Amino acid sequence: MQTLRCVAAFMSLLALAPTAARAEEDFALWNKRMAVGFGGYAPPGGGAPLTNFPVLVVLGSTAAGAGFDYADFGSPPYGDLRFAAADKTTPLDFEVESWDTEGLSYVWVKVPELTAGTTIYALWGRSGVAVPSCTTNGAVWAEAYNAVWHLCDGADNAHVSDSTANCRHGTKKAANSPAQTAAVIGKGQLFASSYIDVTGVADSGKTHTFSMWLNGGAGSSAANIFPFDVELGRLVVGWGADPAGRIGLYDGGWRYFGNTPSLNTWHHIAFVCGASTVSLYVDGAPYGSAQSYTSRAIGGKVTLGSRFSYANNFPGMIDEARVASVARSADWVWACWMNQGSNGVFNTVGTPEFQDLPFITNPGGATNVTAAS
C-alpha cells in the first residue's frame, strides 16, 4: 500500500526533527500496546549501536495476552497505529509498506539507536485519528538513503514507488511487466525480458551502497545478467561474461568476487563502494576479498532488471532495492539481512497488553489479586 511521495524540499527539516509535529499526541489514550525488542542484533564482533536504523516490524493476529486483532483498530485501516520509544511517550517515525487484515502487515520504523537491548512499542486502539505525515514523507529513510524501492506495485501496476523524499519512482517498461510477486518482504517484482526505469537517481558523491534481495529462479545462467545498472559512471551490479560465472561490479573494469552464490534461491547482496575499494556482502557476510574501486558518481539512465541499454535482463525476482550515498558499515549490512530475512529471530515481540488497566499494589500479600479484581 504505497503512495507517491514528493516532499524533497522538507527533507533536511524532517531529518533534524522528524517527530516534533506529533509531540502533542498523548499515547496514554491509546488502548493497546506491544513491546518490540531486537535481541537478535548480534553481528560478528558484537555489533556497534546503529543510528536511525529502519527496522522491519511484522504484525499479525495473535490471541496472546490482550491480543493483536485488526478489528481492534479504532481508526481503520491503520490510522491509529503508532510507535514509541522505550519511554512509551516519544513518537517514532514509521512507514506502512503493506497492510493485510487477513494476514501479515509490514511496517518500517526508524529506531534512533539500535542495540540488542533496544525496546520500542507499537500502539493501536484509538478512534478518530489519522496516520501521521511520517508514513508518506520519507522521514523513515532520511539516513543517507538516495532511493528505496520496496518493489510492491504503486498506485497502479505500471510503477513502483521510491519511499524516500527524493521521489525517484520507477516505471515498468513493458505492459504489466515486471509483475508483482510474493517475495522476501511481502511483495517484490518478477522480471523476464523487462526492466524498471529508475532514471533520475543521481548522486554527485562517489561513495555508495547498493543492496537488494535477488532470486534468479530455476535454470538461470550466471552470465550477462544485470539486476542494476547506471549509465553515467558505468556502475554495473551483476554477472558479466566471466568464465567462472562470478558476481561482480563494473566501474570501467569488472571487479569479481569469489564463486557466484546460487541463483535459484533468495540472497541479500550489498556492494559497499568506498573511496578506493569495493566490498561485497552476501547474506550479511563478506563475500570474497575487497577489490580496488574507481569511484564514480551516479547519473544518466538507471535501470533495475537489465543493463541501461535495456539488454541482458535479469531473469528472476528482486525485492527491497536500495541506494545509499554512504558506504554502510558491516554491522549495518548484517542487520539489514537479518532483520529482513529472519525477522522472527531478529525481533522479539512481547505480549500485547491493555494500557488502561489499574495499577495494583499488594503489600498485604492477598491472594487471587488480578488486574480486574
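The expected span of a helix is 1.5 Å times one less than its number of residues. Helices (H or I, at least four residues) and strands (E, at least two) are DSSP runs, numbered from the N terminus. The model is predicted: local features need pLDDT of at least 70, side-chain atom pairs count only at pLDDT 80 or more, and totals for chains, interfaces and linings use all residues. Residues are numbered from 1 along each chain as its sequence is written, and side-chain values use heavy atoms, with hydrogens and water left out.

**Exercise 1. Describe helix H2 by its span and its burial.**

Step 1. Helix H2 has 12 residues and reaches 16 Å from its first C-alpha to its last, close to the 16 Å expected at 1.5 Å a residue.

Step 2. Buried means under 20% relative accessible area, exposed over 50%, and partly exposed in between (1.4 Å probe, protein chains only). Nine of the 12 residues of H2 are buried, so the helix is largely enclosed by the rest of the structure. Among the buried residues are Trp332, Trp334 and Met338.

Step 3. Arginine 328 lies over the face of tryptophan 332, at 4.1 Å from the ring centre. The criterion is NZ of Lys or CZ of Arg within 6 Å of the ring centre and within 35 degrees of the ring normal.

**Exercise 2. Classify the ring pair of phenylalanine 38 and phenylalanine 346, then that of phenylalanine 73 and tryptophan 124.**

Step 1. Rings of Phe, Tyr and Trp (its six-membered ring) pair if their centres lie within 6.5 Å; planes under 30 degrees apart count as stacked, over 60 as edge-to-face and the rest as tilted. The structure holds 22 such pairs.

Step 2. Phenylalanine 38 and phenylalanine 346 have ring centres 6.2 Å apart and planes at 50 degrees, so this pair is tilted. Phenylalanine 38 is in the loop between E1 (32-37) and E2, and phenylalanine 346 in helix H3 (residues 343-346), so the pair ties together parts that are 308 residues apart in sequence.

Step 3. The rings of phenylalanine 73 and tryptophan 124 also have centres 6.2 Å apart, but with planes at 20 degrees, so this pair is stacked. Both residues belong to an aromatic cluster that includes Tyr70 and Trp99.

**Exercise 3. Find the backbone features at proline 77 and lysine 88.**

Step 1. Most residues other than glycine have a negative phi, and most peptide bonds are trans.

Step 2. The bond from proline 76 to proline 77 is cis, with omega near 0 degrees.

Step 3. Lysine 88 has a positive phi of about 65 degrees and lies in the loop between E3 and E4.
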